[in-house]
Amino acid sequence: MMNRLFVCFVSLIVILAAPARAEVSWFKISDGSVDIAFVERSDGLPGVRAAFAVTGSRQKVWDALQDFSRFSEFFPRVTRVKVHEERDDGDVIELWIDAFITEINYVQDRRNEVVGERITWTRVSGDLERVEGGWTILNAPVNGKAIVIY
């Protein structure tokens, strides 16, 4: 799970995220593959949608994406996270990312759009000009698995 989440997180730095809901074929990801599609967002900008299956419940994935003290376990290139603001509907966090050649730092406003299912984020400030995206967590058609869409 950690490597797949990291791959998708790094994609955030390179290209903008896709719309919230995208069609995902369980058949394409049930064997551990990552289904990546380049898409055009509703605002006309290019984006990427990645989907993969993880072992664990939706709640377990949700909890991992909300536990900033353990972020580097799931996203190894995230070297530090600082929580600026905690809200019922989300958080404002600052991330430091080891981008191999340099360190990237930015602040994002995260929104819990649908608790347990959908998180979105937008850039507040930092090194990157534009950062926005989201995670959608769905039940897989197999017990003990979840589908994660970035």
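User: What share of the residues of the chain count as buried, and what makes a residue buried?
Analyst: In this predicted model, 44% of the 150 residues count as buried. The cut-off is a relative accessible area under 20%.

User: Why is Phe 38 called exposed?
Analyst: Its relative accessible area is 66%. Exposed means over 50%. Phe 38 is over that cut-off, so it is called exposed. Phe 38 is found in strand β1.

User: What makes Val 34, Ile 36 and Phe 38 a patch?
Analyst: Patch residues have over 30% relative accessible area and no salt bridge, and nonpolar side chains are joined within 5 Å. Val 34, Ile 36 and Phe 38 form such a nonpolar patch on the surface. Together they have about 300 Å² of accessible area.

User: Why are β1 and β3 called edge strands?
Analyst: Start with the order of the open sheet: β1-β2-β8-β7-β6-β5-β4-β3. The pairing is antiparallel. β1 (35–40) and β3 (78–87) each pair on one side only. On average, neighbouring strands of this sheet are turned by 20° against each other, direction ignored.

User: How do you know that β6 and β7 pair?
Analyst: Pairing needs at least two bridges. Five bridges join β6 (residues 118–126) to β7 (residues 132–139). Five meets the cut-off, so the two strands pair. They run antiparallel. Thr 122 stands opposite Glu 132 in β7.

User: Which helix lies across β7, and at what angle does it run?
Analyst: Helix α3 (residues 58–66) does, running at about 155° to β7. Helix α3 also lies across other strands, including β2 (46–55) and β8 (145–149).

Methods
Residues numbered from 1 in each chain as written. Predicted model: local features only at pLDDT ≥ 70, side-chain atom pairs only at ≥ 80, totals over all residues. Heavy atoms only, no water. Helix = DSSP H or I, 4+ residues; strand = E, 2+ residues; numbered from the N terminus. Axes fitted to C-alpha atoms, helices over the stretch in contact; angles between N-to-C directions. Contact = heavy atoms within 4.5 Å. Patch = residues over 30% accessible without salt bridge, like charges linked within 9 Å, V, L, I, M, F, W, Y side chains within 5 Å. Areas by Shrake-Rupley, 256 points an atom, 1.4 Å probe, with all protein chains shown as cover. Salt bridge = Lys/Arg side-chain N within 4 Å of Asp/Glu carboxyl O. Buried < 20%, exposed > 50% of the residue type's maximum accessible area, 1.4 Å probe, protein only.
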